[in-house]
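This report goes through one protein chain and its ligands.

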Amino acid sequence: MPRSPWDPDRAEWADLLDGEPRFRIDQVWQGLHEHGLRPEEQTNLPKALRERLAVEFDGRLEPVVRSVGDGGDTIKWLWRLHDGATVETVLMHYADRSTVCISSQAGCAMGCTFCATGQAGFERHLSVGEIVEQVVLARADAAASGRRLSNVVYMGMGEPLANYDRVMASLRRLNTDLGLGARHLTVSTVGLVPQMLRFAEEGLQVGLAVSLHSANDADRSTTIPINDRHPIADVVAACELFRERTGRRVSFEWAMIAGVNDRPSDAAELASVAAAARAHVNLIPLNPTPGYPEIGSTPEAIEAFVGRLRRHGVNATVRANRGTDIDAACGQLRTRLADGGSAPVTLTPRVRPNRPTVGQTGD
Ligand code: SAH
Ligand code: SF4
């Protein structure tokens, strides 16, 4: 089965390079992580070795589409994996940082009704290499336009905590070997409580975001089926443990849905749950998806909602959608292609904007 050169860990690379001088292990490892080069691209390696490794590690993320939106500030890829599965990655440039939103699974088994990925169902877990490679490729793309990739959010396709071990290995790799600060890495979860508890004990400074979207169990269970197994009180307890162990607050993600979760009563419920979890709240207008009939809240409704939260003493930020012109919301580009539609592939010249925009998945 084709493997990504970013799949093996260091110990496995040591085995793979058995018979080579010992310094080769560092050389290949640094080539992969510091320089973002596949083995066959590492010209400081002997030709025969490069050829052997190129055959052994022929798995790669093949770009199906690279689309550019927001005047060059949002770049989205749809990648095809070796078995034909497709996943998305979105790179977002801001005035002060560049954030990449990566996928952790092809599809997702959680079935949240408003989510394009959830509507399509689960295909498979991504390997460590497939996760890391998204960051390596986005970092190279950023560098080519003079930007430094600073942040990674696991908010693309899939539920990261359902692919726990590989996601954890990828986080350590991004931190230790790609040199991305743990505080600049964020994992988003639908609220898998046992894994959240485990995550709190990892001793990492990685951020945790929880997709709440409703603050009472009856409502939340209608859009987020896993809420039946892990109700809000358990999620809040896990958030508290996370804060105790790491000293970091979680953030709650709340996609604003007109008439569904943007009412005054929703703001009051959210305020009390956020206070209990000592969470920061990120509000995002819902991105419409083909399988969900509701629409996003109006800007006025969002303003009123955030005002209510703040009067209740909750820390809340409104995030603008990024890349709506290029289907950048979770799972949307893939859905569009699967429907036989054409993806907008624009080669917009990059323009550096000064406007302070915020993104759907930025931190
Ligand atoms: N599975 C994880 C991470 C991937 S989803 C999770 O659910 O947290 C990333 C974020 O996008 C989540 O907060 C999710 O709730 C949100 N999201 C999914 N579909 C959306 C939509 N149609 N509009 C706005 N946000 C959406
Ligand atoms: Fe999966 Fe997250 Fe989408 Fe829910 S919102 S279906 S957990 S990717």
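Is C108 buried or exposed? C108 counts as buried because its relative accessibility is 9%. Buried means under 20% relative accessible area, exposed means over 50%, and partly exposed lies in between, with a 1.4 Å probe and protein chains only.

## Basis of the model

This is a predicted model: local features need pLDDT of at least 70, side-chain atom pairs count only at pLDDT 80 or more, and totals for chains, interfaces and linings use all residues. Residues are numbered from 1 along each chain as its sequence is written, chains are lettered from A and ligands numbered from 1 in the order in which they are written, and side-chain values use heavy atoms, with hydrogens and water left out.

## Overall fold

The chain has 12 helices and 12 strands. Helices (H or I, at least four residues) and strands (E, at least two) are DSSP runs, numbered from the N terminus. Of the 363 residues in the chain, 55% are buried.

Contact means heavy atoms within 4.5 Å. Take the contacts in the chain between residues at least 6 apart in sequence: 67% of them join residues at least 24 apart.

## Ligand 2 and its cysteines

Which residues surround ligand 2? The shell consists of C108, M110, G111, C112, C115, G118, G158, E159 and V190. A residue is near a molecule if one of its heavy atoms lies within 4 Å of it. By class, the shell has 5 nonpolar, 3 polar and 1 charged residues. Ala, Val, Leu, Ile, Met, Phe, Trp, Tyr, Cys and Pro count as nonpolar, Asp, Glu, Lys and Arg as charged, and the others, Gly among them, as polar.

C115 is buried, at a relative accessible area of 16%. The structure holds 0 disulfides. The cut-off for a disulfide is a pair of cysteine sulfur atoms within 2.5 Å.

## Ligand 1

Ligand 1 has 19 residues around it. Nearest are G158, S188, S211, H213 and N287.

A nitrogen atom of ligand 1 is 2.9 Å from a polar backbone atom of N287. A nitrogen atom of ligand 1 also lies 3.1 Å from an N or O atom in the side chain of E159. An oxygen atom of ligand 1 is 3.5 Å from a polar backbone atom of T189.

N163 lies in the loop between strand 7 (151-154) and helix 6. N163 is buried, with a relative accessible area of 1%.

D165 is found in helix 6. D165 is exposed, at 54% relative accessible area. The C-alpha atoms of D165 and S127 are separated by 9.7 Å, and the two residues are 38 apart along the chain.

Helix 2 (residues 23-33) is largely enclosed by the rest of the structure, because 8 of its 11 residues are buried. They are R24, I25, Q27, V28, W29, G31, L32 and H33. Their cover includes helix 1 (10-16), helix 3 (47-56), helix 5 (128-144) and helix 6.

In helix 7 (residues 193-200), V193, M196, F199 and A200 are buried. Seen down the helix axis, these residues fall within an arc of 115°, so they line one face of helix 7. The arc is that of the directions from the helix axis to the C-beta atoms. Covering elements include helix 6 (164-176), strand 8 (185-189), strand 9 (207-211) and helix 9 (232-246).

## Loop residues

R229 is found in the loop between helix 8 (217-223) and helix 9. R229 counts as exposed, at 63% relative accessibility. R229 and V193 are 36 residues apart in sequence and 9.2 Å apart in space, C-alpha to C-alpha.

D70 has phi near 50°, a positive value in a residue other than glycine. D70 lies in the loop between strand 1 (62-69) and strand 2 (74-80). For R278, phi is near 50°, a positive value in a residue other than glycine. R278 sits in the loop between helix 10 (264-277) and strand 11 (280-285). R278 is partly exposed, with a relative accessible area of 45%.

How values were computed:
Polar contact = N/O pair within 3.5 Å; in protein donor to acceptor, adjacent residues only side chain to side chain.
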